[in-house]
Amino acid sequence: MGIGTFGSFTQARLAIYAAQTGITVTGNNISNINTPGYTRQRLNQVSLYASGADRYYAEGDVRTGQGALVKSLSQIRSPYLDIRYRTLNAQMGYADGRLEILGEIKQILDEVGAGDASKGEGGFGILGLEISKLAEAFKNLVDQTGHQEYDNTVRMTAQNLVTLLNKYANKLEEVQENTVANLEQNIEEVNGCLTTIRSLNEEIRKSEIHGDPALELRDERNLQIDELSELIDIKVIYTEEEIAAGLKVEKLTIRLGNANPDPTVESDSAILVDGIYATQLEMPESFP
């Protein structure tokens, strides 16, 4: 079936609308090339086709489409890469945190190469050197029992060792206090991310109900999820939630990932975010 004069005008008008929208999407992608978290958008088009047979349809006519329609906008984003990135981001965050604490402990207990080699101490390390001195003093005391000089040497050497151990203990306690304070700050950041994600879920849900995919809100939510994955190990799940007959919206669920070093042991997998609901983390009153 051929397209009439007005049909041709309509076909051209729809093509112009589709091309104009495509140029707008391209311009938006270019203008946001340096925007953190922005995901490139794509225009989804479909061919307009009128189904059904005409009453006076001629057998020799060929039925063609009647133009292009703009169906929707979507994001060019890979869920697989998101999962891989957030998994590795959590591992990197864990490794960085552990390395930072071990670095602080290393500065306190750095025994490698310490000691005065010029005095024959051989570079055993400060703590190792003091233990060696105490062992040597006891050995001399056994050989020279009853001499006050050797008794005083043992007492002085033992006092130096105890003083050094107390110094290390105080510094390690300070590291523990700083680590706990840093952990409390991290928990505040985690709770802030969870609250923001919950609010964005609610806004995205309302937008989807009115037919808006809310792509910019999704970009902001992805940034928050990426930040959250750096702080704790998480598992992100996307599902469809039916809120009315034939109307479904996306539902985002975030669970606590398995942080147990043994992969055969499943640790806590509590739900952190469940759609428009979210929980908050709390610090334990004391640590073992």
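Start by selecting Arg77 and Asp82: the two form a salt bridge, with their closest N and O atoms 2.8 Å apart. A salt bridge here is a side-chain nitrogen of Lys or Arg within 4 Å of a carboxyl oxygen of Asp or Glu. Arg77 counts as partly exposed because its relative accessibility is 29%, while Asp82, at 13%, counts as buried. The cut-offs for these words are under 20% relative accessible area for buried and over 50% for exposed, with partly exposed in between (1.4 Å probe, protein chains only).

A word on what you are viewing: this is a predicted model, in which local features need pLDDT of at least 70 and side-chain atom pairs count only at pLDDT 80 or more, while totals for chains, interfaces and linings use all residues. Residues are numbered from 1 along each chain as its sequence is written, and side-chain values use heavy atoms, leaving out hydrogens and water.

Now zoom out and colour by secondary structure. The protein chain has 5 helices and 6 strands, running α-β-β-α-α-α-α-β-β-β-β from the N terminus. Helices (H or I, at least four residues) and strands (E, at least two) are DSSP runs, numbered from the N terminus. Of the 288 residues in the protein chain, 23% are buried.

Next, select Glu208 and Arg218. Their side chains meet in a salt bridge of 2.3 Å, N to O. This pair links distant parts of the chain, with Glu208 in helix H4 and Arg218 in helix H5, 10 residues apart. Both Glu208 and Arg218 are buried.

Glu250 is partly exposed at 22% relative accessibility, whereas Arg221 is buried at 3%. Which residues do salt bridges with shared partners join into one network? They are Glu208, Arg218, Arg221 and Glu250. A search of the whole structure finds 9 salt bridges.

Stay with H4 and H5 and pick Ala214, which lies in the loop between them. Its phi is near 55°, a positive value in a residue other than glycine. Most residues other than glycine have a negative phi. Ala214 is buried, with a relative accessible area of 5%.

Follow the chain to the sheet. It is an open sheet of 4 strands in the order E3-E4-E5-E6, with antiparallel pairing. E3 and strand E6 (277-278) stand at the edges, each with a single partner strand, so one side of each has no neighbour in the sheet. Two strands pair if DSSP finds at least two bridges between them. Strands E3 (residues 234-244) and E4 (residues 247-256) pair over 10 bridges in the antiparallel sense, and Ala244 has Leu247 in E4 as its bridge partner. Click on Gly246 in the hairpin of E3 and E4, which has 2 residues between the strands: this glycine takes a positive phi near 80°. Strand E5 (residues 271-274) and E6 pair over 2 bridges, and Val273 stands opposite Ala278 in E6.

For a last stop, select Tyr17 in helix H1 (residues 5-31). Tyr17 is partly exposed at 44% relative accessibility.
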